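Here is a note on the structure shown below, written as numbered points for a reader who is new to such models. Please keep the structure in view while reading.

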Amino acid sequence: MSRPAFASWLSQTNDVTQTFLNAGQIPDLINLAGGLPDPSIWPVEELAQLAHKAVAEHPEAVLAYPPIEGFAELRHLIAQRFSTGGLTLTRQNVLITTAGMQGLDLVGKALLDQGGLIAAQSPAYLGALDAWRPRLPSYRPIRLQDEGFDPVAALDGAQFCYCVPNFSNPTGRLVDLPMRQAMVEAAQQTGTWLVEDDPYGMLYYDGAPLPRLLELSATGKPGPYDGPVIYLGTLSKGLAPGLRLGWVIAAPEMITALITAKQGSDMCTTGISQQMAIDAFKTGLPERILPHILDLYGSRRNALCAAMAEHLTPWFDWQVPQGGMFVWARAKDPALDTDKLLKVALSHGVCVTPSSVFDPEGQDRGAIRVNFTLNPAERLAEGTRRLARAVDALLSGKA
Ligand SMILES: Cc1ncc(COP(=O)(O)O)c(C=O)c1O
């Protein structure tokens, strides 16, 4: 008896992803690979009270199947939070999702036919590549920082353009205001949807937040927003990822398409998290905990960059990110293969993410992503020393 084969997209993933996802099992490993928040930032007591309140006070709403599009009150609150002088949002512009990851998945379902073209900021978030892989899309890599980059040519003919303007995962890079404006103008000119994935938009350690693509694409017209930006938000980084609570803000016709896609995905996002989000927003909980998160992560960013300057300067170049969770370091020596470095680093007790997993073709083996939010300063310094020893061993053939 032979069983039917698995779908062909499953063989498109690479084993590097599995290697670093399994690395958590290794004792005393310093994990600089993940993109995880520090659990100490979670307001456990308040969240426990909100969870109790949600079930005790709203059992008929939260224990039932909520509407596919989410609770009207939560959609309205999000519309209000993201409206600005020129940008009028209503709840028709908002879909509640099972965190940001589902927003990515639904956009793929709504816009991609088999083999569709995505213009994606390069390198790109691994989770987005994973979400869209079943459609076997083709990618047009876009490198916003390249001299002569032409946004209209980059977007033209793609089903959508994927961009993380605030502290991209993996590069930690911030897209500047003129480039934000140029991307929005290109989306308006070409008609291409512009996906603004924004899990790190609250994590600015230096400088004031730049306007979102969503805001820049507002026309000032009254009535629900009708522009080309599909904005993806989440509570994962500013409150807690276990809530699995996110939202999409987009033109009503896009929200309608995404609702149809969500119906066939999970039918609805749990009402318990939705009610907790309503109460968290109403009592200003995210705003109350943010200063502590910024202090903690900002000082860890500084600690990691200082340790890297001390131990990794001979081998890597990087820029200090102004926010987010990651430093992206490119090897000076093109012969340094970071897929191989991952294996050697694991044997030295440290884990980083190699660049190949952020490249749809898996070809870029010249950089690493280093996370600074999960570990305290002394572990970041020790992890960096271990990484330096691993690079030395790999390059000197002693690995
Ligand atoms: C760029 C980017 N988008 C989306 C997500 C999804 O996060 P969540 O599903 O927890 O909201 C992440 C998580 O790390 C991310 O880095």
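1. The C-alpha centres of domain 1 and domain 2 lie 26 Å apart. Domain 1 covers 8-42 + 288-394 and domain 2 covers 58-283, with bounds that come from an automatic or database domain assignment. The contact between them takes 27 residues from domain 1 and 26 residues from domain 2, where two residues are in contact if their C-beta atoms, placed from the backbone, lie within 7 Å.

2. On the side of domain 1 that touches domain 2, the elements giving two or more residues are α12 (285-311) and β10 (326-331), and α12 gives the most, with 5 residues. Sorted by class, that side has 14 nonpolar, 9 polar and 4 charged residues. Here Ala, Val, Leu, Ile, Met, Phe, Trp, Tyr, Cys and Pro count as nonpolar, Asp, Glu, Lys and Arg as charged, and the others, Gly among them, as polar.

3. This is a predicted model, in which local features need pLDDT of at least 70 and side-chain atom pairs count only at pLDDT 80 or more, while totals for chains, interfaces and linings use all residues. Residues are numbered from 1 along each chain as its sequence is written.

4. The protein has 14 helices and 13 strands; these are DSSP runs numbered from the N terminus, helices being H or I of at least four residues and strands E of at least two. Buried residues make up 46% of the 399 residues, a residue being buried if 20 or more other C-beta atoms, placed from the backbone, lie within 10 Å of its own.

5. The largest nonpolar core has 70 residues, and those with the most contacts inside it include F160, Y162 and V195; such a core is a set of buried Ala, Val, Leu, Ile, Met, Phe, Trp, Tyr and Cys residues joined through C-beta atoms within 7 Å. The largest share of this core, 7 residues, comes from α5. Leaving aside its neighbours within four places in sequence, Y162 is in contact with residues including I118, A128 and D197. Apart from this core lies another, of 38 residues, among them L342 and F372.

6. Which helix gives the most to the shell around the ligand? Helix α5 (residues 99-111) does, with 3 residues. Of the 14 residues around the ligand, A99, G100, M101, T234 and S236 come nearest, and a residue is near a molecule if its C-beta atom, placed from the backbone, lies within 6 Å of it. By class, this shell has 6 nonpolar, 7 polar and 1 charged residues.

Conventions: A residue is buried if 20 or more other C-beta atoms lie within 10 Å of its own, exposed if 12 or fewer, and partly exposed in between; C-beta atoms are placed from the backbone.
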